[in-house]
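Hello,

Here is the structure I said I would pass on. My notes follow below it.

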Amino acid sequence: MAKVKRNQTFTMAGTEVPVGERRTLDLEVAQLYTHAALSIPVEVVNGRYAGPVLLVAAAIHGDELNGVEAVRQLLALVDPLKLRGTLVAVPVVNVFGFIHKSRYLPDRRDLNRSFPGSEKGSIAARLAHQFFEGVVRHCSHIIDLHTGAVHRTNLPQLRVNLNNPISAEMATAFDVPVVINAATRDGSLRAEAEKAGIPVLTYEGGEALRFDPAAINLAVKGCLRVMRDLKMLRARARKPSAVVIAQSTSWVRAEQNGTFRSLVQLGDRVRKGQALARICAPLGHSECEILAPKEGIVIGHQTLPLANEGDALFHLAYFERSGADEAQAQIDTFLDDVSELNVVTDLEEPGLA
Ligand SMILES: [Zn+2]
């Protein structure tokens with residue numbers, strides 16, 4: 001590393017993290033009914049050299065567990081003595097939801113619609129406020145790890161504001177098969193942090209309440225690639241893939257009630273009018289086919305084999321014709337890579353930084 005500047009002590013939630021060291025700290029956010037304190041566990045890895053402050057956060061939706069495991073694996077790989085800048089790792093932001101295996105907070109609100117929060121609002125608003133002021137505002141870049149909802153799985157994908165050049169560069173570096181240039185929703189971490197000038201990548205992969213080794217593996221690798229791109233880690237020679245951006249996405253819904261048999265898988269390219277699934281009554285009559293409205297790639301689907309009319313069953317991404325070929329090629333490569341992946345222990349050796 002040429003002309004590296006020595007880092008400084010990093011302070012968060014009243015804890016000082018010396019240069020070249022790591023500290024676990026607890027960001028106290030609330031009390032339980034029992035008056036026991038509830039806090040968000042945070043690990044700060046303060047590098048030897050000055051550089052960006054990257055927040056990697058997971059489980060803003062408390063039942064989305066792939067990111068929790070990805071953060072654990074990432075932390076095992078980062079050595080503060082070889083790090084430029086600071087890694088702030090928060091495996092469980094929504095501690096209430098995590099304890100209850102729920103997406104939401106006890107007041108039934110969605111934390112990812114509650115940012116930047118307020119000091120005197122509901123429990124969701126207060127938690128959002130404390131996390132935003134106590135952690136988010138201290139960071140220069142953010143990767144926010146999510147998974148699909150309960151009974152829904154997602155092909156690894158990024159939601160990003162490509163109009164922000166820094167977010168776009170992070171997305172290119174992260175390198176997943178599909179990038180969606182997604183509008184932000186008010187109150188989400190991505191929307192509110194970007195308003196505050198902090199670029200955010202939102203990663204989606206796998207299903208709630210499950211560990212999906214492929215989605216976890218890609219999350220860890222993506223974070224490491226972004227850290228290399230930000231010069232936080234020493235870069236290795238590697239040709240980045242071309243990012244393929246979906247033009248649009250839509251959900252295909254059930255047209256009747258019954259048992260639901262899927263005919264396609266994540267990553268499949270489907271043509272207009274192709275049958276995606278069959279739905280019928282338990283005795284087998286009244287069968288209908290669910291058809292693709294236009295050519296696209298399956299980036300998410302329901303895993304529960306039961307459907308009510310109107311249920312969102314398949315999430316399809318649509319590309320320009322040349323983009324679809326490129327996306328298909330990248331997804332095939334990705335699926336080939338992960339088909340050989342049973343466990344991710346090869347990534348767990350420390351000192352890779
Ligand atoms: Zn989520």
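The protein donors of the zinc ion are His61 (ND1), Glu64 (OE), Glu64 (OE) and His146 (ND1), at 2.1 to 2.4 Å from it. Donors are N, O and S atoms within 2.8 Å of the metal (3.2 Å for Na, K and Ca), and water is not among the atoms, so sites may look incomplete. Along the chain the donors of the zinc ion are spaced H-x2-E-x81-H. Histidine 61 lies in the loop between strand 5 (49-58) and helix 1 (66-77) and histidine 146 in strand 7 (residues 141-146), so the pair ties together parts 85 residues apart in sequence. Helices (H or I, at least four residues) and strands (E, at least two) are DSSP runs, numbered from the N terminus. Both histidine 61 and histidine 146 are buried, meaning under 20% relative accessible area, where exposed is over 50% and partly exposed in between (1.4 Å probe, protein chains only).

This is a predicted model: local features need pLDDT of at least 70, side-chain atom pairs count only at pLDDT 80 or more, and totals for chains, interfaces and linings use all residues. Residues are numbered from 1 along each chain as its sequence is written, and side-chain values use heavy atoms, with hydrogens and water left out.

Two charges over rings also turned up. The charged end of arginine 152 sits over the ring of tryptophan 251, 5.1 Å from its centre, and lysine 294 lies over the face of tyrosine 318, at 4.5 Å from the ring centre. The rule is NZ of Lys or CZ of Arg within 6 Å of the ring centre and within 35 degrees of the ring normal.

Regards
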